[in-house]
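The following exercises are to be worked with the sequence and the three-dimensional structure at hand. Each task is followed by a solution in steps.

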Amino acid sequence: MSVPLDGIAVTSEKATWTGKLREKALDALPPERLLPDRQPAYVASWAYVFGALTIGAFIIVMASGAVLALEGPAWWHSSNAGLFVNSIHLWGTEFFFMFMVVHLWAKFFMAAWRGKRKATWITGVVAFAVSIATAFTGYLSQQNFDSEWIGTQAKDGINSTGAGAFWNVLNFGQMLMWHIVLLPLVVSLIIGLHVLLVRRRGVVPPFAPTQAQLAKAGLSLGGAAGLEAPTPGAEAPADPSPQVLPGQAEPPQQAPPPQAPVPPEPPLGQVEVAEPTSSQPTLEDSSLPAPGGSGIETATQAQGPEDSLWQLPGDGS
Amino acid sequence: MSATNPTGKGRAHRRFRPDRDVVEWQGAYRRYDVVKEVFICFLVVLVLVVACAIVFSSPDDPPVTVKSWSSAAPVDFAQTAMTELDGTSATASYGPPYTDAKGVSQKLGPVSIESAVGVRIPINTAQDFVLKPLATLPDRPVLASALAEYQGASAAQKASWDSAYEKVVASATFSNGQLIVKSGPYGPVGALIDNLVSMARTGALDGALLASPQLYATNYTNPLLFIADGTYMADLAGLRHLQGDQWGMMNETGNYPGQAWLWLYTLWYQVPPMNASSNGDVEVWAIMMLLTLALALLPFIPVLRSLPRWLGVYRLIWRYHYRSLGPDVLLQLPPDP
């Protein structure tokens with residue numbers, strides 16, 4: 001479609017590749033989902049912080065590696081400043097892996113692949129594997145005893161797979177280029193894709209109690225707890241419409257705060273895992289509101305004690 | 001709640017499976033600032049990293065060079081050089097990708113991938129580690145004569161000389177800058193090894209071993225393989241707790257964490273049958289490939305994908321959420337048909 005504008009035919013954005021790409025990108029990741037300023041109330045645990053800590057460490061590793069690259073691979077052996085930057089690079093890597101492993105375990109325990117989030121899980125595992133290769137080439141590029149010992153030992157395993165014929169761990173030039181160009185590029189792309197998928201699919205919801213579990217606990221559907229639960233064996237749509245994602249169903253800002261769905265501050269001593277409120281999650285502690293406080297919003301304006309917390313869309317993947 | 005497809009289209013409905021499907025959240029939301037979180041996390045990690053860098057620094061033990069090796073352990077160097085010359089060293093008998101030695105490639109069942117790939121980094125240890133470097137030394141008529149005699153001899157004659165020198169070098173000593181061996185019928189081999197030791201101790205052999213003919217060299221395959229064929233570097237590694245049976249390369253020099261993330265890979269080398277198998281490397285790699293693949297495809301693997309629900313650690317992670325539903329719900333959650 002063309003729109004005349006002062007005698008110039010302006011092509012509709014939908015007719016261009018750029019316009020189509022922009023439209024698809026905005027559909028998949030609207031700004032409020034890409035950079036969210038709210039999360040479902042269940043996102044309330046220190047376990048959620050380790051993904052961001054991993055990214056923080058990754059930034060430090062990349063930045064310190066870039067500084068090392070400024071002076072070349074031999075700089076840090078003969079300069080105190082270089083040694084310090086190399087130490088930053090080393091410890092950044094150690095923390096990067098520590099945080100990444102905790103993040104991976106946390107996501108495993110949450111079964112974070114549920115609900116069309118399989119690709120998020122897979123990209124996370126791939127990022128972990130490629131990061132190991134990146135760190136390994138870093139150790140091979142140190143030009144010291146560790147490098148030559150690790151290289152001469154590792155060659156046997158890599159040769160046994162046939163890969164050593166092409167990827168020679170004793171070739172310093174090859175390993176250095178993989179370490180500072182190819183693998184960081186791959187890790188950056190995979191981590192970027194992983195983060196975009198996290199934003200696209202949202203944080204996986206908790207396991208929902210089923211009717212049987214609720215009945216055992218003396219609760220009922222739509223009862224005082226404000227629950228609605230899946231029936232064991234209930235039919236779920238195999239090809240659902242796009243999921244209702246955190247931040248997708250924006251409530252009007254003037255919506256009245258809900259009463260029932262707000263997670264109350266746990267009474268001390270009520271449950272065996274009770275902890276002081278000060279140990280509660282995430283870096284948003286200071287904004288964690290009191291029950292019914294203004295810091296918590298509902299997804300739908302009509303929600304109240306009798307409304308459901310969950311909606312059942314199924315997996316569909 | 002409705003279990004039907006709200007769009008009314010798509011494939012046939014299937015059962016809700018708690019390890020694959022989710023009940024999407026329609027409840028409360030809380031304030032959150034993703035940029036602030038990442039920024040604060042960055043600052044926290046930066047403080048930790050800088051503190052560790054200041055307190056612990058980073059290890060940098062100097063590498064073993066051919067010069068340092070032959071200076072510190074000239075007899076070990078001479079004995080190793082002899083194995084390179086007669087083709088009995090670890091590198092000479094390695095097989096693909098370095099040599100065409102038969103029957104030494106690791107196999108996984110009936111398959112040897114390294115044999116299938118073939119020799120792509122060809123190394124002739126006698127030529128590349130001994131004879132060609134010696135030929136670069138100028139103004140040494142005795143050496144030139146020895147080289148010509150050795151290279152012009154028949155294979156049987158070479159083998160005879162090599163064997164004779166192997167016997168005497170086993171009890172060699174080093175004194176006043178000279179390798180001292182008993183006399184024997186080893187022809188020019190004694191002169192070759194003497195000159196190679198001398199060349200190595202000057203540092204000239206380090207450069208001569210580089211695979212690249214360019215001035216700017218970056219491929220250290222030859223000197224590293226030569227050094228690794230001796231016992232000197234391995235002994236140093238043992239003192240630093242870096243040997244394979246000491247959890248090997250996941251460690252690093254000094255008291256540093258090393259590549260702790262390789263613990264599982266290294267673990268397999270410590271347990272039978274891999275720790276005594278001639279195919280140990282390919283077996284360990286096969287295990288790790290399978291485990292990595294399984295980890296990546298966990299969402300598709302029945303039983304394994306149910307582990308999180310059965311283990312119940314999620315109740316701790318989402319404890320505040322479940323508490324909001326009532327403590328009984330928290331306690332009753334895991335066992336469900």
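**Exercise 1. A helix and its surroundings**

Task: Determine how far α3(B) is enclosed by the rest of the structure.

Solution. 
- Step 1. The model is a predicted one. A residue counts as buried if 20 or more other C-beta atoms lie within 10 Å of its own.
- Step 2. In α3(B), the buried residues are B:P74, B:F77, B:A78, B:T80, B:A81, B:M82, B:T83, B:E84, B:L85 and B:D86.
- Step 3. Ten of the 13 residues of α3(B) are therefore buried, and the helix is largely enclosed by the rest of the structure.
- Step 4. After α3(B) comes B:G87, with a positive phi near 75 degrees.

**Exercise 2. A contrasting case**

Solution. 
- Step 1. For chain A as a whole, buried residues make up 51% of the 317 residues.

**Exercise 3. Packing between chains**

Task: Describe how α6(A) and α13(B) pack, and classify the residues in their contact.

Solution. 
- Step 1. Two packed helices are described by the angle between their axes and the distance between the axes.
- Step 2. For helix α6 (residues 118-140) of chain A and helix α13 (residues 280-296) of chain B, the angle is about 150 degrees and the axes are 8 Å apart.
- Step 3. On the α6(A) side the contact involves A:I122, A:V125, A:V126 and A:A129, which meet B:T292, B:L295 and B:A296 in α13(B).
- Step 4. By class, this contact has six nonpolar residues, one polar residue and no charged residues.

**Exercise 4. Backbone exceptions**

Task: Identify the peptide bonds that are cis in B:P96 to B:P97 and B:P272 to B:P273, and examine phi at A:A111 and A:K116.

Solution. 
- Step 1. Most residues other than glycine have a negative phi, and most peptide bonds are trans.
- Step 2. B:P96 and B:P97 are joined by a cis peptide bond with omega about 10 degrees; B:P97 sits in the loop between α3 and α4 (113-117) of chain B.
- Step 3. From B:P272 to B:P273 the bond is also cis, with omega near 0 degrees, and B:P273 belongs to the loop between α12 (263-268) and α13 of chain B.
- Step 4. A:A111, not a glycine, has a positive phi of about 50 degrees. A:A111 is in the loop between α5 and α6 of chain A and is buried, with 26 other C-beta atoms within 10 Å.
- Step 5. A:K116 has a positive phi near 60 degrees and is found in the loop between α5 and α6 of chain A. Because A:K116 has 24 C-beta neighbours inside 10 Å, this residue counts as buried.

**Exercise 5. Confidence in chain A**

Task: State where confidence is lowest and where it is highest in chain A.

Solution. 
- Step 1. The average pLDDT of chain A is 74, and 62% of the residues score at least 70.
- Step 2. The lowest mean, 42, belongs to strand β4 (residues 235-236) of chain A, and the highest, 98, to helix α5 (residues 80-109) of chain A.
- Step 3. Over residues 231-317 of chain A, pLDDT stays under 50.

Conventions
Residues numbered from 1 in each chain as written. Chains lettered and ligands numbered in written order. Predicted model: local features only at pLDDT ≥ 70, side-chain atom pairs only at ≥ 80, totals over all residues. Buried ≥ 20, exposed ≤ 12 C-beta atoms within 10 Å, placed from the backbone. Helix = DSSP H or I, 4+ residues; strand = E, 2+ residues; numbered from the N terminus. pLDDT = per-residue confidence, 0-100. Contact = placed C-beta atoms within 7 Å. Axes fitted to C-alpha atoms, helices over the stretch in contact; angles between N-to-C directions. Nonpolar A, V, L, I, M, F, W, Y, C, P; charged D, E, K, R; others polar.
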